[in-house]
Amino acid sequence: MDIVYLRDLRIDTVIGIYDWERRTQQTIILDLEMGADIRKAAGSDHIDDTLNYKAVAKRLTQFVGESEFQLVETLAEHCAAIVLNEFAVPWVRLSLNKKGAVRGASDVGVIIERGESH
């Protein structure tokens, strides 16, 4: 299986459990690795034959920007489901970084894998 990836996708959203977090937007950072077979696209050199990472980024930006989850775990699950279900991807590894959420740590978040990798 080949991997199409998207790194450092920054999206502003309301996320968190504390009252002060619910009153402002924070930037989350997504990194995705998505299973795909790129051979058809490589042969045709046509966008319709590949996983369109720009379309994935646009869809996740829209979804995350409008969401108001409390937990990064919940947001990560929903984002993974969108990629799997709407883009016919068999496997996804998603890293969701809520930068600066813990004093003294540069990064904090979750990494999940969903679907079947071959």
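Six bridges join strand S2 to strand S3, and the two run antiparallel. Let's build the rest of the picture from there. This is a predicted model, in which local features need pLDDT of at least 70 and side-chain atom pairs count only at pLDDT 80 or more, while totals for chains, interfaces and linings use all residues. Residues are numbered from 1 along each chain as its sequence is written, and side-chain values use heavy atoms, leaving out hydrogens and water.

Strands here are DSSP runs of E with at least two residues, and helices are runs of H or I with at least four, numbered from the N terminus. Two strands pair if DSSP finds at least two bridges between them.

Four strands form an open sheet in the order S1-S2-S3-S4, with antiparallel pairing. Its edge strands are S1 (2–13) and S4 (109–115), each of which pairs on one side only. From one strand to the next, the twist averages 15°; such angles run from 0 to 180 degrees between N-to-C directions, with axes fitted to C-alpha atoms (for helices, over the stretch in contact).

Here are the pairings, each with an example of facing residues:

| Strands | Bridges | Facing residues |
|---|---|---|
| S1 and S2 | 10 bridges | Tyr5 and Glu33 |
| S2 and S3 | six bridges | Asp31 and Ser95 |
| S3 and S4 | seven bridges | Leu96 and Val110 |

Helix H3 (residues 53–66) packs on the sheet, touching S1 and S2 (26–36), and its direction makes about 30° with that of S1. Contact means heavy atoms within 4.5 Å.

How enclosed is S2? Nine of its 11 residues are buried, so S2 is largely enclosed by the rest of the structure. Buried means under 20% relative accessible area, exposed over 50%, and partly exposed in between, using a 1.4 Å probe and protein chains only.
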